There are 4 protein chains.
Amino acid sequence: GDITVDQTTAILQAAEKLARSRNIPVNIAIVDAGANLKAFLRMDGSYLGSIDVAIKKAKTARYFNIPTGELGKITQPGGAIYQIELSNDGLITFPGGVPIKDQQGVIIGAIGISGGSIEEDHQIAMEAAGSIL
Amino acid sequence: GDITVDQTTAILQAAEKLARSRNIPVNIAIVDAGANLKAFLRMDGSYLGSIDVAIKKAKTARYFNIPTGELGKITQPGGAIYQIELSNDGLITFPGGVPIKDQQGVIIGAIGISGGSIEEDHQIAMEAAGSIL
Amino acid sequence: GDITVDQTTAILQAAEKLARSRNIPVNIAIVDAGANLKAFLRMDGSYLGSIDVAIKKAKTARYFNIPTGELGKITQPGGAIYQIELSNDGLITFPGGVPIKDQQGVIIGAIGISGGSIEEDHQIAMEAAGSIL
Amino acid sequence: GDITVDQTTAILQAAEKLARSRNIPVNIAIVDAGANLKAFLRMDGSYLGSIDVAIKKAKTARYFNIPTGELGKITQPGGAIYQIELSNDGLITFPGGVPIKDQQGVIIGAIGISGGSIEEDHQIAMEAAGSIL
């Protein structure tokens, strides 16, 4: 299964609404099951540098089917997969990217949020991804 | 002036509606006045290869403040700016990208459409860009 | 608001004058509000490798609206945004890049200095950016 | 011999003055004898896409010690060096880039102009390069 435009739009709007209500201007990126860009939105006043970070968070989460922050725990110096960030034209391994699952638990894509603190970004990503369940 | 999220969303939804009504699955990309990605949507069933084409069309239209197809007329062999496509990490110089102007005629961004024929892509881009006037 | 040529030239000349008076040959890069290159100067005898560093410092400072050295504090191993340098075609997160604000406090661009010590680079960037206030 | 900051600044200011007097907002790039960026200025209102084009014109002119337009004559389909534009991270082979010579005729760098017509760009480049003779 692959994420549809309807699911994508629902998740993106959920993320935007959450970010607005918390006064955190963010960049929102959603990729499909093939890790290809499906949707993107940059809120007014959010960082220009977060465009690429949000997209890379979404891709990273789908590349390895894991929240990006989990991956970051083992990419530190001495870690099992140290420097894996250099692969795939650049990964982001701090929080803010999470896989998107359908109601059967199948991963159909991923979302990346960038612009707030890493905790805020992760929370918005989790809640937005869960909004279609 | 720079394009806002509200303008961006209005244009993106107009483009999606036009493409749906014509049964043409497309990729829609919108960049701001600084040629940075502002929004993106890939419709279900549209080409994966059109993600990058749509983004490059939008960027090209803003880079030179011109519909991309106009630029393509002078990039042909023997043309005034032959091979300019190799600059800026790759330009797209066939139709489908157009500048977005506000009601005062100031260019505030650009839209790129890819997925249909070049005539269809250009038409959707023009109509969507004009929807906020 | 976006930085003008007149503001850019004033800042660039201030930076060059400061660097000359301190006998520190540097590379000076200025980007606009869209993080696009606006001006650049490499002083005689400055490092060739600092061309790209200066440009990336300016872009990084505008990408995240922060002095680059501040960003570097949280990109270290174990830091909140470890390895973010791999995004955006390469960030520079040590001192020498600072946002440029106008008299109303609006960020209109950024400057990056590279060639001296990081303290010297940062100091020149700060003073030059402040010269138009 | 290599171009100095004083020569660079003189040429850049000459180019800017010529462009202003002709009402042609351009991007001006100057590289040194090593084809490394020495100076750059983007005039207000000039194309964002011309940043990279101006830099590539200057580099191309120095890479092959020839006005870029001359090179373009033999890069056409069927030409002796067809598709050479793909080398060196992208060459620009239409007019607007010219070598800079000192009073002894030694090439010390090159200038690239982009933003006007190719004839206008070439003319400004030629006159500005000649301003130090």
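I count a salt bridge when a side-chain nitrogen of Lys or Arg lies within 4 Å of a carboxyl oxygen of Asp or Glu. With that rule I looked up Arg42(B), which forms a salt bridge with Asp32(A), the closest N and O atoms being 2.6 Å apart. Between chain B and chain A the count is 6 salt bridges.

A note on the source: this is a predicted model, where local features need pLDDT of at least 70, side-chain atom pairs count only at pLDDT 80 or more, and totals for chains, interfaces and linings use all residues. Residues are numbered from 1 along each chain as its sequence is written, chains are lettered from A in the order in which they are written, and side-chain values use heavy atoms, with hydrogens and water left out.

Next I checked the contact (heavy atoms within 4.5 Å). I found 20 residues from chain B and 20 residues from chain A in it.

Then I turned to buried area, the accessible area (1.4 Å probe) that two parts lose on being put together, summed over both. Chain B and chain A bury about 1600 Å², with 48% of it on carbon and sulfur atoms. In chain B, Val5(B), Leu37(B) and Arg42(B) lose the most area to chain A, together 33% of what that side buries.

Last, I looked at the strands (E, at least two residues, as DSSP runs numbered from the N terminus). Strand E2 (residues 37-42) of chain A runs antiparallel to E2(B), and 3 bridges join them; strands pair if DSSP finds at least two bridges between them. I noted Ala39(B), in E2(B), as the bridge partner of Leu41(A).

Conventions
Helices (H or I, at least four residues) and strands (E, at least two) are DSSP runs, numbered from the N terminus.
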